[in-house]
Amino acid sequence: MPRIIAIDYGQKRTGIAVTDELQIIASGLTAIPSEEVIPFLKDYFAKEEVIKVLIGEPLQMNGQPSESTPVIEAFVTRFKTAFPDMKMERVDERFTSKMAFQTMIDSGLKKKQRQNKALIDEISATIMLRDYLSRKMI
């Protein structure tokens, strides 16, 4: 079965998570500089079968677009141009960074390790993917 990827796109860094081949387990894949996402995905798609890509949609508490929406919309446009046949779905990413930070605390990571923003982005993408898989199972 093909995999599903989740992307937590940011201005500087992007966290990426992926499912296993059975689409049961969500795992962090990497966090990379945002300008490298399209080339990274081209390489990844050449090696692995991917059926769908989830891209985080940053919303405010009231459901309105956040300040970072234009940056992410520009990425979505580039993604669709680079991968016109790939299924893409936008998913709510509210609270994923806070949940990622709490996950790091709960895991016992030291303060210096919790300051690793790339790790927060990767965990955020994993949380988005895990939540998507949970909703899909219901």
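## Close-up views of a predicted model

**View 1. Threonine 30 and its contacts.** Threonine 30 touches Thr14, Gly15, Ile16, Phe40 and Glu122, leaving aside neighbours within four places in sequence. This is a predicted model. Threonine 30 sits in strand β3, which covers residues 26-33. Is threonine 30 buried or exposed? Its relative accessible area is 19%. Buried means under 20%, so threonine 30 counts as buried.

**View 2. The whole protein, for orientation.** The protein has five helices and five strands. Read from the N terminus, its elements follow the order β-β-β-α-β-α-β-α-α-α. The protein has 138 residues, and 42% of them are buried. Which contacts reach across the sequence? Take contacts between residues at least 6 apart in sequence: 61% of these join residues at least 24 apart. The protein exposes about 8,000 Å². Carbon and sulfur atoms supply 54% of that area.

**View 3. The largest nonpolar core.** This core holds 20 residues. Which of them have the most contacts inside the core? They are Ile5, Phe45, Val53 and Phe79. Helix α1 provides the largest share, five residues.

**View 4. Valine 53 and its contacts.** Valine 53 is one of the residues with the most contacts inside the largest nonpolar core. What does valine 53 touch, leaving aside its neighbours within four places in sequence? Its contacts are Ile5, Ile7, Phe45, Phe79, Met86, Lys87, Met88 and Glu89. Another core lies apart from the largest one. That other core has eleven residues, among them Ile4, Ala6, Ala125 and Leu133.

**View 5. The salt bridge between glutamate 21 and arginine 3.** The whole structure contains seven salt bridges. In one of them, the side chains of glutamate 21 and arginine 3 meet at 3.6 Å, N to O. The two residues are 18 apart in the chain: glutamate 21 is in the loop between β2 and β3, and arginine 3 is in strand β1. Glutamate 21 is partly exposed, at 46% relative accessibility. Arginine 3 has a relative accessible area of 15%, so arginine 3 counts as buried. Which residues are linked in a network of salt bridges? Arg3, Glu21 and Glu48 are.

**View 6. The salt bridge between arginine 13 and aspartate 121.** Here the side chains meet at 3.0 Å, N to O. Where do the two residues lie? Arginine 13 is in strand β2, and aspartate 121 is in helix α5 (residues 117-137). They are 108 residues apart, so the pair links distant parts of the chain. Aspartate 121 is buried, at 12% relative accessibility. Arginine 13 is partly exposed, with a relative accessible area of 26%.

**View 7. The salt bridge between aspartate 131 and arginine 130.** The closest N and O atoms of this pair are 3.5 Å apart.

Definitions and conventions:
Residues numbered from 1 in each chain as written. Predicted model: local features only at pLDDT ≥ 70, side-chain atom pairs only at ≥ 80, totals over all residues. Heavy atoms only, no water. Helix = DSSP H or I, 4+ residues; strand = E, 2+ residues; numbered from the N terminus. Buried < 20%, exposed > 50% of the residue type's maximum accessible area, 1.4 Å probe, protein only. Contact = heavy atoms within 4.5 Å. Core = buried A, V, L, I, M, F, W, Y, C linked by side-chain atoms within 4.5 Å. Areas by Shrake-Rupley, 256 points an atom, 1.4 Å probe, with all protein chains shown as cover. Salt bridge = Lys/Arg side-chain N within 4 Å of Asp/Glu carboxyl O.
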